Amino acid sequence: MTTGVPGAPTVFGVTQTTQATQTSPTQPLPTEAGLLRAALQAFRSDLLTGAFAFRPMEPLVVEGEGTSRLLRLIPKSRRRSARWLPHAGTLLAAAFVFLAGAWMPNRDFIEGLFTALLAVAPVLLTLFRPVAAFWLSFALTLLAVPMSLTALFPWTWAGFLAHLAVMVHVALRSRPRVAAEMWGVTVVFAVLLAGFNGDSAAPVAMPLLAGLCLATATSLRGWSSARREVVAKEREVVAKEEVTLVERSRRTLLEERTTIARELHDVVAHHMSVVAIQAEAAPYRVENPPPELAQAFATIRENAVAALTELRRVLGVVRAEDYEAPDAPQPTLADLGALLDNVREAGLTVDQAVTGAARALPQGVELSAYRIVQEALSNALRHAPGATAKVEVSYVLGGLGLRIVNGPPTGLLKASPGAGHGLTGMRERVAMLDGEMTAGAAEDGGYEVTVFLPVRGEAEERSV
């Protein structure tokens, strides 16, 4: 016995229908007999095969991405109870049908109660066996023929309403084809039995009302299905965008780290070259040096040369194909004046302030400080055209402080959007030196970047 949803793709339904109707350039078009056979197979799959299978109505989804749109309008504290709204709606329809049958005028109480119970049975059965409820409605209609009214023969008023409720319920849980099949069976049933009573309006009333109700139910189900597909696609797009954003951030981070590694190569290579040269020259500065001392300096030189070779090999791995090594040494804080002049020529009004006693810092610190100021001013040019900026360099005990602040954009120039790589690069440089950095909007509507780069003293350097 089948336990799938009514009208779901089955062997006797969609699959064989598709095989019967599919055509190819080498196959003839299906004949009328083939189409009729496929229609009968679909009808058997939808309304006969597994008609009495247990298919309980499921409650609405309360949590997660599949939460019903109806439940989203209800406070979260009440959604647990509200998930049974479809069941409550079915019970309400059953109560309405029961009252319509029990309170009919000019009818004995026992007869009305019996009629109401017959009508309400298939409505309640839709909660568990919807297709079986459809056929039960026909069976109970035949049983209640002696009590049916002339106007709706062979249905009673309650049976008429109950049959419409059952068909709407099945249509809401099935594909549109099932609704069309139920409508056709109902019309044939009404026409055949109404022939025994020429005054019956059922052949006209039932097709019209059933068609209207089924069309509405099918439209609602189609709209709901389309909405779920749209929501699913939107979630898929959002998920892909999130994955793309993460991958882009990782790629940006790797690019910034590669750039920093290239720039620091010159600094590290210079120091390693100095170590190698001094280690080679040191024995000649001592008259008759001990063999142990000469061997120690030779070992130092060999290790320095080996480290320099490995450093160049690593740089070759991270270097891009179009990378060109710089002709000039890497910039330091002494080159800030030239940088500010170039920025002023580009249209940004910028002032510089230096506090504390200027002193020589490690080349890595000075290079990072220069690049941070350069990137912050570039961001000001892009995002705040026409604004003024100020660069503060503070030589403090234990490190170097930087503060780059710009005002809000002025004039008619539009700010150009950035990719967010600048802040990523600055944070990487600060993190490499174990520094601290804050960046955010200023009170006047501008932007402020504050950085502290620690510089270890000589005693601390020796202990490392």
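This is a predicted model: local features need pLDDT of at least 70, side-chain atom pairs count only at pLDDT 80 or more; totals for chains, interfaces and linings use all residues.
Modeller: Local features need pLDDT of at least 70 and side-chain atom pairs count only at pLDDT 80 or more, while totals for chains, interfaces and linings use all residues. Residues are numbered from 1 along each chain as its sequence is written, and side-chain values use heavy atoms, with hydrogens and water left out.

Colleague: Why is α2 called roughly perpendicular to α7?

Modeller: Helix α2 (residues 32-48) and helix α7 (residues 130-143) pack at about 95°. Roughly perpendicular covers 65 to 115 degrees, so α2 qualifies against α7.

Colleague: Which residues make that contact?

Modeller: With contact meaning heavy atoms within 4.5 Å, F43, D46, L47 and L48 in α2 meet V131, F134 and W135 in α7.

Colleague: What makes α5 roughly antiparallel to α8?

Modeller: The axes of α5 (residues 85-102) and α8 (residues 157-172) cross at roughly 165°. Angles over 145 degrees count as roughly antiparallel, and therefore α5 and α8 get that label.

Colleague: What makes a set of residues a nonpolar core?

Modeller: Its members are buried (under 20% relative accessible area, 1.4 Å probe, protein chains only). They are Ala, Val, Leu, Ile, Met, Phe, Trp, Tyr and Cys residues joined through side-chain atoms within 4.5 Å. The largest such core here has 33 residues, and F134, W155, M167, M182 and M206 have the most contacts inside it.

Colleague: Which helix gives the most to this core?

Modeller: Helix α8, with 8 residues.

Colleague: What does M182 touch?

Modeller: Leaving aside neighbours within four places in sequence, M182 is in contact with L47, F134, M167, V170, A171 and L214.

Definitions and conventions:
Axes are lines fitted to C-alpha atoms, for helices over the stretch in contact, and angles run from 0 to 180 degrees between N-to-C directions. Helices (H or I, at least four residues) and strands (E, at least two) are DSSP runs, numbered from the N terminus. Angles under 35 degrees count as roughly parallel, over 145 as roughly antiparallel, 65 to 115 as roughly perpendicular and the rest as oblique. Buried means under 20% relative accessible area, exposed over 50%, partly exposed in between (1.4 Å probe, protein chains only).
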